[in-house]
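Here is a short report on pockets in a protein model. Look at the structure first, then read on.

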Amino acid sequence: MLGSTKVKQLTVKNVLLIITYSVLLIFALINYQTILAFIGKILDLISPFFIAVGIAYVFNIPLKFYLNKLPEQMKYRKALAAVLALVTILLIFFVIIRIIAPQLQESIGMLIDNVPGYIEKSNEFINKLTAEFEFSEEMLTQINNLIGEASKWLMSFATDLLPRLLAIGKGVTNGIMNLFLALIIAVYMTVSKEKLLNQLKNVLYAFLPEPVNSYVNHAATMANSTFSSFISGQLVEAVIIGVLCYIGCLVLKIPYAPILAVVIGCTNIIPIFGPIIGTFVCAVLIVFVSPIKAVIFIVFGICLQQFESNLIYPKVVGTSVGLSGLWVLFAITLGGGLFGLMGMLLGLPTFAVLYRLCGDEVARRIALKKAKQANENTEQAREEEPIGAEY
């Protein structure tokens, strides 16, 4: 009788759970746009915290350096190390901006100055083609129509340029504010990480079963190790590639060596696609000065990336990711498609953590099946053993 009552209670509980789940699912499907918009607003509000986590890994590199250099008996050792690390990071950003801004201004000025010459050369080229190939009147009419449509597009683009610049300025301002807030959060997270980790461990221990708690701690430890090794390795590699690019540009007498080195170093943080993007951007900057130098730089960039991928990357980044080339390409493509530039950067270590966790789970299940199969074989052997064989 008691067992029948428990079964009825369990059945009622399951029915209520199924009904609740169905109602919530139907509500979500009907109002999915509102729900997605609400989730997007929440993610925008907490985006500085996600950025702060990435900055914290970067901030932790100079912090560890200064903690190792300062004497342990110093009273405010950790606070002083945090201040020195923050000053170091801000100084690096200041130097990069000081290098990029004048070079970028010079490039834009040179481009504006050369535009009339490009237009004149283009007209001369078109007139030469017209005189040489003797285009028909119909072909000339089509060319004139295309030129007219291009002029209209340029006029409309110039008309819409101011609103677009205002929108870009607003986005840049919001990005700077979020970055500043994320930097403050990152400093606090790095300095107080022991306290925050203890609080998080206590919460997990209080609300999660022991097996789940152990698994979460194992996954978190693996993620922290993977992200830390990946980010620090990518930053060191970016500095090395930037310096080599600067030296190579000086030797080959390629213009804008400082800005090219900064662009190549910064884009090299993104695996696989970063070097391609950086080389293309730099070639566009050079081609307005000297097309031949642009071709030389492309060849130099390809050689530099081959040197980086075969010698520098295995030594500096090493096996922190532990993925084959196909999975690396898949992770970067998927991360970039879902979350843009940040997804391309962090998609690889995230996928590496998931890949290792799945690999551990597969190995655990295989071991259990093999152990079960071995036990079954042992039991079967005992059953088939003839009576009195041991005598």
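## The second largest pocket

The second largest pocket has a volume of about 1700 Å³. A pocket here is an open set of points on a 1 Å grid where a 1.4 Å probe fits, with protein on both sides within 12 Å along at least five of seven lines; lining residues have an atom within 4 Å of a point. The lining counts 39 residues, and Phe-50, Val-53, Gly-54, Tyr-57 and Phe-227 are the closest to the pocket's centre.

Two or more lining residues come from each of α2, α5, α6 (193-207), α7 and α11. The most come from α11, with 12 residues. Helices are DSSP runs (H or I, at least four residues), numbered from the N terminus. By class, 24 lining residues are nonpolar, 12 polar and 3 charged.

## The model

This is a predicted model: local features need pLDDT of at least 70, side-chain atom pairs need 80 or more, and totals for chains, interfaces and linings use all residues. Residues are numbered from 1 along each chain, and side-chain values use heavy atoms, without hydrogens or water.

## The largest pocket

The largest pocket has a volume of about 2100 Å³. It is lined by 47 residues. Nearest its centre lie Phe-93, Ile-96, Leu-235, Cys-266 and Ile-269. Its lining has 39 nonpolar, 8 polar and no charged residues. Helices that each supply at least two lining residues include α3 (77-133), α8 (257-267) and α9.

## Thr-279 in α9

Thr-279 lies in helix α9 (residues 273-287). Its relative accessibility is 11%, so Thr-279 counts as buried (under 20% relative accessible area, 1.4 Å probe, protein chains only).

Key
Buried < 20%, exposed > 50% of the residue type's maximum accessible area, 1.4 Å probe, protein only. Points joined across faces, edges and corners; volume = space filled by probe spheres on them. Nonpolar A, V, L, I, M, F, W, Y, C, P; charged D, E, K, R; others polar.
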